[in-house]
Amino acid sequence: MKKLLIKLSVATCLLFLAACSKEIEEANLLSPALNPVQTDANAGSWKPILLNSANEIFVPAPIGTTSPDYILQINEVKSWQDKMTDADRKMVRYWSSGAVLRWNEILRELVAKYNLPPYQNEDGTYPIPNANNPLAYPFFPFSNPPYAARAYAYVSAAQFDGLIAAYYYKDRFKRQAPYQIDQKITPLVNKSNLPSYPSEDAVIIGATVKLLKLLFPGEQDYIQSKAEEHRIARLMAGANVRDELEAGEALGKAVALKYVQRARTDRTEASVGIVNGQDLWKEFEQAVIQRGETPWVSQETPKRPPMLPYFGKVSPLLFDSLTVVTRLRAAAPPSTKSEAFQKELDEVMHYSKNPTRERIRIVHFWADGIGTYTPPGHWNAIAAEHMIPLNLSEVRWARNFALLNMSLMDAAIVCWDTKFTYYNPRPSQVNPEIKTLTGLPNFPAYVSGHSTFSGAAATVLGHLIPEKASSFNRMALEASNSRLYGAIHYRSDCEVGLELGTKVGNYAIQRARTDGAN
Amino acid sequence: MFLQPKQDFRPKHSAFSLKFFVLIFFTLINGKASFAQTDIDAIMMGKKLFCAGIMYNTNSWNNYWEGTLKRDNPNLGTVSTNMIGPMGSLGVSSKFNIIFNLPYIKTNASAGQLRGFSGLQDLSLWLKWKPIKKKVGKGNLSIFTIGGLSSPVSDYVADYLPLSIGLQSRHISFRGMADYQVGVWTTTMSGTYVSRSNIEIDRTSYFTTRMHFTNEVYMPDATQFNLRMGYRGKTWVFEAVLDKWTTLGGFDITRNNMPFPSNRMNMTRSGINMKYEPAVPKGLTLIGGAHTTVAGRNVGQTTNFQAGLFYIFNLNSKKSENSRKK
């Protein structure tokens, strides 16, 4: 009996062990090498965003492919290829999935790393991260959803503008890829007829590195190491020679400068609402009290100032600030004294008290709270997942992300404008019995940020990938509902937020219809 | 800690079918021995004795270690975990015991807005074998090996620390244990290796010290060291306990971040255990204990109290009573 039991137990243990291989295959490493169905060689004629024209920034003509200097560069590629290790091959494979995709993943990673609210000071106030001292606590930035939305937008739009310029010069100079000029070079990327000067990958490196320096100044070393890896990957792949990288990177940097200048003057810095220790944002509270309504109050201990209260005043990319106020700002939410409000509050209480496993899954799947890449990042992930099978060109990847992320930044702006106009309380402020299934965001309820982001993203993605439109809309609805299920939002926050997001998304569609890419 | 790792004196619960099976199957032979209480002490239950009862355990913390930094969190207040459930232990022979439990757990935070969770956690099963017992010097030396398995019984949420009820990881543990007893004075020492399976969470990516584009979380293995010393009499047992749980890997909670299942959770706890087994009524056992966390990393500084009420069923005598009735 004993022996049998021991044998049985040993067998069970082995089964257990067999069932738990601990190797994890991460989804992003499975994406195939870029292999565009269409090269979009005419992208030089597309309409850029901040760039006035595709040739606004000068790119010198490349040297001839028979010149000694070019031969030297070809030899450099060969010497890289000769000494490749398995790790190098892996690296080349990684970057071959596309520059836009990989740098988007890196940006999502940085957002997640920095998406942490600062810990309070001894006196119960909160320190404000300082861009000039990013590595001293509290680290700069606190990449919360509005900050993140703006970061994704500027990086994507700059990449898009950079690529339009790059494609313009590619078409003008028509320099062939190294593997086409020298048959001894084995391409480790899919062959393409797209001219290779300036390098589209290098344009993305130049534009992204420049913007990330501004957005995540404490991550210089990491960003530079990724950039260097990317450059070497292009050389090893036989996809570019050195001067194509240099020209591309210079072009990318010059384009990014336009975005850096915009970022410095887009009123983000003032969005914190605290100047010399003065809480300017209290004006929102006063306005609500004067209207006889209940103002939002931070539910954190100690009370934390609301997240970026003046973000609604940041300059949008798809329309002007006046449009935010006069055409997009949502109508007022139900008064906290109304019957309609009480009904909504009761509904939140119901979801708080009766969570199902499926609703918890939905809440946590879409939570995208602290330490994550935020809801805009989640929609970037969804976009990437759906774009990979379409085999898009690098420039179309950039365009799709630019349209998506411009709409997400503007969604943050209109949502924050509405939130701080009405400055209404969260359900658990009105009824402390309401317990939440995810972290309670530290800003007013109406309208739901997740809903606004999701409405905008689903609208834009549905336009770009029409066959998936209904699926995107379902996801957006689920993301929106997740905030009600989590007991942190009223139904009207979610519904009106989705509508607001859809309106913002439509502005991006208007742009998409006229940018020359169709 | 945010989540108790496997520990001694877990509230234990026997699945009805298993208990029923055991009762039917082992009602033939008589035996006598002391009560086997847990997987980590040196007490073996006698042949064909089945011990069952109810354990209750409450633990709470105000302070926790964020990495190595000790702090409080006014947005959580006091985080408490209550566990209750029957436990079962069966003496296949005086050298071979089977122990199992299945706790029901309820968590709560006294401040902030986060809702506590509750539910049945993991079913654990241990096979406890005492291959060696011999006289060494003035006392008796016993050597034990204990193999354990544990698996979640429901799809509870792991990625909701510090208020999730468990970590969803399946465990296999191997423990070596030595006990030396001189008269009524004993010392027991054990070392355990816990192999933990990866888990899946409800989101598609997460950040540890880098981004992971997957819903699967690598769970580092862990070790446990346990030392207990004290008085082991017929009616009373008193022990002082020192227990050290070490996670072999994982990462620290970053500043002001939430904890995560694959954090490097370490804790050293000390405390006392007692057991009372009165002569009358025969078979009744009361146990109790209190422990506090003396050092930790990425865990709460828990204080816990426990109490249990057990009864030892002599499976053989039941059989004879039954036959007498017939």
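These legends describe close-up views of a predicted model.

**View 1. The two domains of chain A.** Domain 1 of chain A brings 36 residues to the contact, and domain 2 of chain A brings 37 residues.

**View 2. The side of domain 1 of chain A that touches domain 2 of chain A.** Two elements give two or more residues to this side: helix 4 (99-114) and helix 5 (145-173) of chain A. Which helix gives the largest share? Helix 5 of chain A does, with 13 residues. By class, this side of domain 1 of chain A has 22 nonpolar, 10 polar and four charged residues.

**View 3. The largest nonpolar core.** This core holds 158 residues. A:Ala157, A:Ile164, A:Ala165, A:Leu408 and A:Ala457 touch the most other members. Domain 1 (36-55 + 72-264) and domain 2 (283-513) of chain A each supply at least three residues of the core.

**View 4. Around A:Leu408.** A:Leu408 is one of the core residues that touch the most other members. Which residues is A:Leu408 in contact with, leaving aside its neighbours within four places in sequence? They are A:Ala149, A:Tyr152, A:Ala153, A:Pro376, A:Trp379, A:Phe453, A:Ala456 and A:Ala457.

**View 5. Helix 7 and helix 8 of chain A.** Helix 7 covers residues 200-215 of chain A, and helix 8 covers residues 220-236 of chain A. Their axes come within 10 Å and cross at roughly 180°. Helix 7 of chain A is therefore roughly antiparallel to helix 8 of chain A. From helix 7 of chain A, the contact takes A:Asp201, A:Ile205, A:Val209, A:Leu212 and A:Lys213. Helix 8 of chain A meets them with A:Gln220, A:Ile223, A:Ala227, A:His230, A:Arg231 and A:Arg234. By class, this helix contact has five nonpolar, two polar and four charged residues.

**View 6. Where chain B touches chain A.** Here 36 residues of chain B are in contact with 41 residues of chain A. Which strands of chain B each supply at least two residues of its side? They are strand 4 (79-93), strand 9 (139-152) and strand 14 (211-212) of chain B. The side of chain B that touches chain A divides into 14 nonpolar, 13 polar and nine charged residues.

Definitions and conventions:
Residues numbered from 1 in each chain as written. Chains lettered and ligands numbered in written order. Predicted model: local features only at pLDDT ≥ 70, side-chain atom pairs only at ≥ 80, totals over all residues. Axes fitted to C-alpha atoms, helices over the stretch in contact; angles between N-to-C directions. Helix = DSSP H or I, 4+ residues; strand = E, 2+ residues; numbered from the N terminus. Parallel < 35°, antiparallel > 145°, perpendicular 65-115°, else oblique. Contact = placed C-beta atoms within 7 Å. Nonpolar A, V, L, I, M, F, W, Y, C, P; charged D, E, K, R; others polar. Core = buried A, V, L, I, M, F, W, Y, C linked by C-beta atoms within 7 Å. Buried ≥ 20, exposed ≤ 12 C-beta atoms within 10 Å, placed from the backbone. Domains from an automatic or database assignment.
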